[in-house]
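User: Hi! Could you walk me through this structure, one step at a time?
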Amino acid sequence: MEELKKKIITEGKALNEEVLKVDAFLNHQIDPVLMKQIGKEFAEQYRESGITKILTLESSGISPSVMTGLELGVEVLVARKRKSLTLQEGLLSADVYSFTKQEQSTICISSEYIKDSDCVLIIDDFLANGQAVLGLMNLIEQTKASIAGVGVVIEKQFQKGGEELRNKGVRVDALAKIERLEKGKVSFTDEEVHI
Ligand code: G4P
């Protein structure tokens, strides 16, 4: 997605060989115009897939998910990372280990919002080692609903998440694919750009 790549080039920052800072439009400050375009793009890709629900993980997955939900006319379920006062009954939970942050967390949703007949699109901001997506898939696998695919805004292809998911037969769509990061430089799968 060209607008996204442009944004990464102009406002992103490769902090080191592993981490791309995109606080300017995705992780801290949010660019609603770009999010709207991202929502349109995911919706185009999944328009014929019979999606009835989008599942994401708080917090940075929420904005692209809501924009996609708006386009597809479906609700967005946000898996929580922290205990919620109101989220207590019928909880489905999964453990997620973050290699980036080196910490384990438990994510959860209420089974109340997933029907057996649901066809779920999982959306997240980054795909790195794939642990968050696997955790979200685990939640759905505890129900009778089906998973149509996984949409991520940015995939870091030098980390193993995308390959592992695709090897499992999961449909994965990334709007920007990053092949390599070096301090001050990002290489997309098809070109090299200095940022
Ligand atoms: P994984 O789910 O693919 O295995 O990723 P990992 O555990 O390595 O990542 C944990 C958190 O770090 C996630 O955010 C993920 O989006 C984020 N992350 C991973 N790589 C990058 C990167 O290169 N740049 C940025 N900006 N973030 C990265 P989170 O903890 O869920 O945070 P948030 O959703 O509340 O913002």
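Analyst: Happy to! Buried means under 20% relative accessible area, exposed means over 50%, and partly exposed lies in between (1.4 Å probe, protein chains only). This is a predicted model, where local features need pLDDT of at least 70, side-chain atom pairs count only at pLDDT 80 or more, and totals for chains, interfaces and linings use all residues. Residues are numbered from 1 along each chain as its sequence is written, and side-chain values use heavy atoms, leaving out hydrogens and water.

User: Is asparagine 27 buried or partly exposed?
Analyst: Asparagine 27 is found in helix H2, which covers residues 23-27. Because its relative accessible area is 29%, asparagine 27 counts as partly exposed.

User: What kind of aromatic pair do tyrosine 97 and phenylalanine 99 form?
Analyst: Rings of Phe, Tyr and Trp (its six-membered ring) pair if their centres lie within 6.5 Å; planes under 30 degrees apart are stacked, over 60 edge-to-face, and the rest tilted. A search of the whole structure finds 1 aromatic pair. Its centres are 5.2 Å apart with 85° between the planes, so tyrosine 97 and phenylalanine 99 are edge-to-face.

Note on methods:
Helices (H or I, at least four residues) and strands (E, at least two) are DSSP runs, numbered from the N terminus.
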